[in-house]
Amino acid sequence: MDPKLKKWVGFNFDLNKTFEKPPREGTDESDEMKQFFKDLKSDIKKALGSKGIKIIRMKPNYYSTTIVVGDGKEKYAYISFGDMRWNGLWNSQILVRTMKHDKDWSGGHNNFVNYDGIPDKILELWERSASEKR
């Protein structure tokens, strides 16, 4: 994990006391969440890319993030970082599951993994899925 991203582990997005600008009201993310998303996108793109996994779609959802990835052929997976404000531990208990296609929101079984384990878990799920088809 890149140091830029690591600084967000344990950060309380709800209180935002370590930054000068408080979160804006309404549906916009706070400035801190926008910066976190940029740092996450940069880091996870490298981590997944090193294993041949491509990001198809990555979307911030106020204080959560969803990512659809693929192998460039016929394998897909969904990654979901839940509400970042809950406990400051966004880097653990990340939902990962297989998808039949890039818009399959029902997907496979839910699996939870820590941040550093995401690429290997996706490859494991794809391998397991392929062996079940044989």
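Q: How many of the residues of β2 are buried?
A: Seven of its seven, so β2 is mostly covered; buried means under 20% relative accessible area, exposed over 50%, and partly exposed in between (1.4 Å probe, protein chains only). Keep in mind that this is a predicted model: local features need pLDDT of at least 70, side-chain atom pairs count only at pLDDT 80 or more, and totals for chains, interfaces and linings use all residues. Residues are numbered from 1 along each chain as its sequence is written, and side-chain values use heavy atoms, with hydrogens and water left out.

Q: Which β2 residues point one way and which the other?
A: S64, T66, V68 and G70 point one way, T65, I67 and V69 the other, and all are buried. In a regular strand the side chains alternate between the two faces of the sheet.

Q: What is the strand order in the sheet?
A: The sheet is open, with five strands in the order β1-β2-β3-β4-β5 and antiparallel pairing. Strands here are DSSP runs of E with at least two residues, helices are runs of H or I with at least four, and both are numbered from the N terminus. Two strands pair if DSSP finds at least two bridges between them.

Q: Which strands stand at the edges?
A: β1 (54–61) and β5 (111–113) do; each has a single partner strand, so one side of each is left without a neighbour in the sheet. On average, neighbouring strands are turned by 25° against each other, direction ignored. Axes are lines fitted to C-alpha atoms, for helices over the stretch in contact, and angles run from 0 to 180 degrees between N-to-C directions.

Q: Switching to charges: how many salt bridges does the whole structure have?
A: Four, where a salt bridge is a side-chain nitrogen of Lys or Arg within 4 Å of a carboxyl oxygen of Asp or Glu.

Q: What does the D120 and K51 pair tie together?
A: D120 lies in helix α3 (residues 118–133) and K51 in the loop between α2 and β1, so the pair ties together parts that are 69 residues apart in sequence. The distance is 2.9 Å, N to O.

Q: Which residue does D102 form a salt bridge with?
A: R57, with the closest N and O atoms 3.9 Å apart. D102 is in the loop between β4 and β5, and R57 is in strand β1, 45 residues apart.

Q: Which residues are linked in a network of salt bridges?
A: K121, E124 and R128. E124 and R128 have their closest N and O atoms 2.6 Å apart, and being four residues apart in α3, they are separated by about one helical turn.
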